[in-house]
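Q: Hi! Could you walk me through this structure before I set anything up?

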Amino acid sequence: VFFVFVASTVLSAKSIYSVLDYGAKGDGKTNDTKAIQATIDTATAKGGGVVLFPAGKYVSGTIVLKDYVVLRLETGSILQGSLNLKDYPVDFGEYRIAPPYVWYAPLIYADNARYIGIEGNGIIDGRGTRKNFPPFPRENQRPGLIRFKDCKYVDVKNVTMRNPACWTFHLLNCEDVVVRDIRLNSNANRNNDGIDVDGGKRILITGCNINSEDDAIVLKSFKRETISDIVISDCILTSTCSALKIGTETVGNFENIAISNCTIYG
């Protein structure tokens, strides 16, 4: 937790790169994927910094978060998932559970990144309603909201996440993670899990308000033998399935898990 705090402090002091300066329109109509990705790429190439989303509506397909970059969504900003499936790649970022379940790239993806984060009082909205992404017959053609894979030193705080077409926030084999004070509403579609901790070590989830159609917070060990050193505290959890769950996808051990002071509804 100390290292994540230090990383967040250092990143906040670095350069700020506004997506508007790299061609994003933020008008709720223009596809801003390329402009947002260009901003991220520039920031990481220059040693890291904050990628800023001023107030506005930014439509985007999959964007890839990279080393030493924090996404900051200011009050009044909304990052909206594209409604075109072609904007979510099928050649990277996929997650294979078991046939026929294959989740393709989400709205925000990171793979093996270090010192990354998302912050601010803005909104990340997948617009993943059943009307936009019908669960049947195209079960696999529903993008999730966020997936971080094999990442370290992750800090996510304050932001609002809502309306994924599938899982909301998937931490796959990540280490040294803090998720603090987020607001998450995922009741738009099937398989609308809140936070999926899938393998990993040293993860803190605290002060979060989660309302989910499926599991609110679920611990899994589908790809890794052990998931360990997990703290979940002071959360408000509402679910029509499980507020807190170990499984379903489970092939290894669960060790050193502390859950305290959570309020549960549903």
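A: Happy to. One term to begin with: strands here are DSSP runs of E with at least two residues, numbered from the N terminus. With that in mind, Leu52 sits in strand 3, which covers residues 49-53. Also keep in mind that this is a predicted model.

Q: Okay, and is Leu52 buried or exposed?
A: Leu52 is buried, because its relative accessible area is 13% and the cut-off for buried is under 20%.

Q: What does Leu52 touch, not counting residues up to four places away in sequence?
A: Its partners are Ile16, Tyr17, Ser18 and Val19, along with Arg72 and Glu74.

Q: Let's zoom out. How many helices and strands does the protein chain have?
A: There are two helices and 25 strands.

Q: What about the radius of gyration?
A: The protein chain has 17 Å, which agrees with a compact globule, because 266 residues would give a value near 18 Å. The C-alpha atoms fill a box of roughly 45 × 45 × 30 Å along the principal axes.

Q: What share of the residues count as buried?
A: That is 55% of the 266 residues. As for the accessible surface, it comes to about 10,800 Å², with 51% belonging to carbon and sulfur atoms.

Q: How many positive and negative side chains are there?
A: The protein chain carries 30 positive and 29 negative ones, and the centres of the two sets lie 5 Å apart.

Q: What share of the contacts join residues at least 24 apart?
A: It's 69%, taken among contacts between residues at least 6 apart in sequence.

Q: Now the inside. Which residues have the most contacts in the largest nonpolar core?
A: That core has 53 residues, and the ones with the most contacts inside it are Leu71, Leu79, Ile108, Ile118, Ile124, Phe148 and Ile205. Strand 16, residues 169-180, gives the largest share of this core, with five residues. There is also a second, separate core of five residues, including Tyr95, Trp103, Trp167 and Leu172.

Q: What is Leu79 in contact with, leaving aside neighbours within four places?
A: Quite a list! Among them are Ile36, Phe53, Tyr58, Ile63, Leu73, Leu107, Ile108, Ile123 and Ile124, and Ser60 and Asp125 also belong to it.

Q: Switching to the backbone: which peptide bond is cis?
A: The one from Gly247 to Thr248 is cis, with omega near 20 degrees. Thr248 lies in strand 23, residues 244-250.

Q: Which residues have a positive phi although they are not glycine?
A: Tyr115 has a phi of about 55 degrees, and Asn191 also has about 55 degrees. Tyr115 is in strand 11, residues 114-119, whereas Asn191 is in the loop between strand 17 and strand 18.

Q: How do those two count for accessibility?
A: Tyr115 counts as partly exposed because its relative accessibility is 22%, while Asn191 counts as buried because its value is 17%.

Q: Last one: where is Thr240?
A: Thr240 is in the loop between strand 22 and strand 23. With 66% relative accessibility, Thr240 counts as exposed. Leaving aside neighbours within four places in sequence, Thr240 is in contact with Ser212 and Glu213. Thr240 and Ala45 are 44 Å apart in space, C-alpha to C-alpha, and 195 residues apart in sequence.

Conventions
Residues numbered from 1 in each chain as written. Predicted model: local features only at pLDDT ≥ 70, side-chain atom pairs only at ≥ 80, totals over all residues. Heavy atoms only, no water. Helix = DSSP H or I, 4+ residues; strand = E, 2+ residues; numbered from the N terminus. Rg over C-alpha atoms; globule rule 2.2 N^0.38 Å. Buried < 20%, exposed > 50% of the residue type's maximum accessible area, 1.4 Å probe, protein only. Contact = heavy atoms within 4.5 Å. Areas by Shrake-Rupley, 256 points an atom, 1.4 Å probe, with all protein chains shown as cover. Lys, Arg positive; Asp, Glu negative; His and termini not counted. Charge placed at Lys NZ, Arg CZ, Asp CG, Glu CD. Core = buried A, V, L, I, M, F, W, Y, C linked by side-chain atoms within 4.5 Å.
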